[in-house]
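Here is a walk through a two-chain model, taken one piece at a time.

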Amino acid sequence: MQKKRSIWFFVGLLLAIYGVAICITGLWELKHPLPQPPALVQFHAPVWWGAILAVTGVFAILRSARNSL
Amino acid sequence: MQLLPAAYVVMPQTLALCLASPMRNSQLIHLSGVDIFLIVTYFVFVIFIGFYARSSANTGEDFFMAGREMTAWIAGLSFVSANLGALELMGWAGSAYQYGILAAHGYWIGAIPAMLFLGLVMMPFYYISKANSVPGYLYLRFGKPTRAFSAVSFAFMTILMSGINMYSMALVMKVVLNWDLNFSIWLSSVVVAIYVALGGLRSAIFNEILQFVLIWAGALLIPILGLIEVGGWKHLMHQIETNLGRTDYTHLWKPLAHFNQNPMGVHWTGIVFGWGFVLAFGYWTTDFLVVQRVLAAKNLRSAQMAPIIGAAFKMMVPLIVILPGLLALSVLPFHLLPESVAIATGGHSYNEVLPLMLVHYCGPALIGLGVTALIAGFMSGMAGNVSAFSTVWTYDIYGAFLNKKASDQHYVAMGRWCTLVGVLVSVGTAYLVQHTASIMDYALQLFSFFVAPLFGTVILGMLWKRATNAGGFWGLMSGTITSISLWAWVAHDPAALRYVALSSAAQGMAENMYRALWAWIVCVTVTIVVSLMTSPRPAAELEGLVLGSTGVQVVDDAARWYQQPIFWAGVVMVAFIALNLALW
């Protein structure tokens, strides 16, 4: 019988994709500042928030990779 | 009134450009390539999950009840997520801007006690009776007429609510991204129809979990950055009080001593009894949209723990909804307006506060994440309504009255078709509600019509053995008629509000709360009187359906004390009380 993936696997995968995309965008913005920056741009939120999402996503994938619902 | 001294904040350039002339018809957000990538990826995931869940949705139990194999965590998060739709995200953020911290009552007194009550007291009856729906429980407890009445009224309400979700989403996409209303309505409808029709409740629940995580990922940055910008919670409260010149925006209970001492125009009795008791208990314990998620739990303990886990997360939602509204009172350099005034003057309305705050703090990629979170919230609300409608139609209307002897496969096929039809009818109602002045008011009206009296019927059915079939039916019928009549009375003669809400100082929001309270009182009174005048049902017929009958075990003797639902409900309750005292 085929084993079903847990929903947490899909959640982790999406978070990882989003995290990487957001983090890369943030890093790119370090070199190429936005012409119209948002408030608190000096905190570089995309970099650390993207990294947090990516790490959380990878953790969820690893935890759920072998689990079924 | 100037909300903020010019030197109070440094206005970010993006927001300044968007709002240099804060006109409603200007597009708030311009999506970059990475934003579009994030949004498209989300839609691909959602549809993929629909196809993935399809292979596990072959029987009626699979399609309508997700196989009854969900863990407490998944059922609990889905329970909260199904409610985290348009009203939650946009409506309550706008209410926080309009009413201040009083809006948090919608999450705390207006949800937490009811959710804990569902887990501890009501869930054993729902779960052990093996009813597939709330009307299904009413059939077992009160017979066919009560089931028919509640199923039809629920189906009617659900389709209207689904339409509200669609319209709200389309409206936001129009304001935020300048997307065409028709494009947004049809895009969201088609996606929801595909994944719910394919995978049924399992698909809806899985997507709700995905949406719940996305909503937090997309919205949590706003309060984090907002609190940094204003210098912390105490500074925020101080700024709001200074800017507005009043303290009723920053206290939860103090301003509720009188109708005219708070921006909601409501008395604490309305909040506690109308909202906290009747409307909240009615919605969280009898609205099948949310109860269906808990019925999908794999055992009774999971079914009891699910609403308690949901309550813990629900208590935290104000962080991403109410707090942005409060922060907007401090950091936005212009006033937001009531919807009707915003339309007339071309300004921004209260309901736009969340996207405005998103623009304030987020650049490319984070904007895409935030917009995806909004779309996810709208779609989860819509999918919840459609999947609940499909179940009630198939089991409680079609299977109960129109075609009683069809095969299980036939009912699954009917469920899939019903999902598609439900979405189409919702699209129609989405166009109808375009003329509604206030989306929140519209939703509360529907709840007071159908949910408040239903709560009276269900709670008496579960807790009072003597309640009879006739009592249940006539109580539900009279409560619903009372609620609709009171609405019609005030609609015809606005001065009648003073009689409905028991005060000449009452305002619109109070009407919904007191109307719900009257509907519940009439329902309970009629149920009791009619029951006492009719013959009671034999005890053997009530087994597993009512308190005191055999077959209902509320406490799991095998579980350790820290595994008992009542322990965790106590933890959540203590946190709930502490929050209310801290913000008194």
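Start with a pair of helices in chain B: helix 11 of chain B goes past helix 15 of chain B in a left-handed crossing. Keep in mind that this is a predicted model, so everything below is computed from predicted coordinates. The axes of helix 11 and helix 15 (residues 318–331) of chain B come within 9 Å and cross at roughly 55°. That angle makes helix 11 of chain B oblique to helix 15 of chain B. On the helix 11 side, look for B:Leu236, B:Gln239, B:Ile240 and B:Asn243, which meet B:Leu326, B:Leu327, B:Leu329 and B:Ser330 of helix 15 of chain B. Sorted by class, this contact has 5 nonpolar, 3 polar and no charged residues.

Now step off helix 11 of chain B into the loop that joins helix 11 (233–244) to helix 12 (268–286) of chain B, where you'll find B:His251. Is B:His251 buried or exposed, or something in between? It counts as partly exposed, because it has 17 C-beta neighbours inside 10 Å, and 20 or more would be needed for a buried residue. Which residues does B:His251 touch, once its neighbours within four places in sequence are left aside? They are B:Ile101, B:Leu583 and B:Trp584. B:Trp584 sits 333 residues from B:His251 along the chain, yet their C-alpha atoms are separated by 5.5 Å.

Helix 4 (residues 72–81) and helix 14 (residues 300–316) of chain B pack with their axes 7 Å apart, at an angle of about 50°. These two helices of chain B, helix 4 and helix 14, are therefore oblique to each other, and their crossing is right-handed. Helix 4 of chain B brings B:Ala72, B:Trp73, B:Ala75, B:Gly76, B:Leu77, B:Phe79 and B:Val80 to the contact. Among the residues they meet in helix 14 of chain B are B:Met305, B:Pro307, B:Ile309 and B:Phe313. By class, the contact of helix 4 with helix 14 of chain B has 11 nonpolar, 3 polar and 1 charged residues.

In the loop between helix 3 (60–65) and helix 4 of chain B sits B:Arg68. Its phi is near 45°, a positive value in a residue other than glycine. B:Arg68 is also buried, since 20 other C-beta atoms lie within 10 Å, and 20 is the number at which a residue counts as buried.

Next come helix 8 and helix 9 of chain B. The axes of helix 8 (residues 144–177) and helix 9 of chain B come within 8 Å and cross at roughly 130°. Helix 8 and helix 9 of chain B are therefore oblique to each other, and the crossing is right-handed. From helix 8 of chain B come B:Met166, B:Met169, B:Ala170, B:Met173 and B:Lys174, which meet B:Leu181, B:Ser184, B:Ile185, B:Ser188 and B:Ser189 of helix 9 of chain B. That contact divides into 6 nonpolar, 3 polar and 1 charged residues.

Helix 9 of chain B turns up again around helix 2 of chain B. What covers the buried residues of helix 2 of chain B includes helix 9 (181–219) and helix 18 (366–402) of chain B, together with helix 1 of chain A. Those buried residues include B:Val34, B:Asp35, B:Leu38, B:Tyr42 and B:Val46. As for length, the 22 residues of helix 2 (residues 33–54) of chain B should span 32 Å at 1.5 Å a residue, and the end C-alpha atoms are 32 Å apart, so the two values agree.

That brings us to where the chains meet. The contact takes 30 residues from chain B and 23 residues from chain A. Helix 2 of chain B gives the most to the side of chain B that touches chain A, with 6 residues. The residues on that side of chain B divide into 22 nonpolar, 6 polar and 2 charged.

Finally, chain A itself. It has 2 helices and 0 strands, and buried residues make up 39% of its 69 residues. In the loop between helix 1 (7–31) and helix 2 (45–64) of chain A lies A:Leu40. A:Leu40 has a positive phi of about 55°, although it is not a glycine. With 18 C-beta neighbours inside 10 Å, A:Leu40 counts as partly exposed.

Key
Residues are numbered from 1 along each chain as its sequence is written. Chains are lettered from A and ligands numbered from 1 in the order in which they are written. This is a predicted model: local features need pLDDT of at least 70, side-chain atom pairs count only at pLDDT 80 or more; totals for chains, interfaces and linings use all residues. Axes are lines fitted to C-alpha atoms, for helices over the stretch in contact, and angles run from 0 to 180 degrees between N-to-C directions. Helices (H or I, at least four residues) and strands (E, at least two) are DSSP runs, numbered from the N terminus. Angles under 35 degrees count as roughly parallel, over 145 as roughly antiparallel, 65 to 115 as roughly perpendicular and the rest as oblique. A crossing is left-handed if the near helix is turned anticlockwise from the far one by less than a right angle, and right-handed if clockwise. Two residues are in contact if their C-beta atoms, placed from the backbone, lie within 7 Å. Ala, Val, Leu, Ile, Met, Phe, Trp, Tyr, Cys and Pro count as nonpolar, Asp, Glu, Lys and Arg as charged, and the others, Gly among them, as polar. A residue is buried if 20 or more other C-beta atoms lie within 10 Å of its own, exposed if 12 or fewer, and partly exposed in between; C-beta atoms are placed from the backbone. The expected span of a helix is 1.5 Å times one less than its number of residues.
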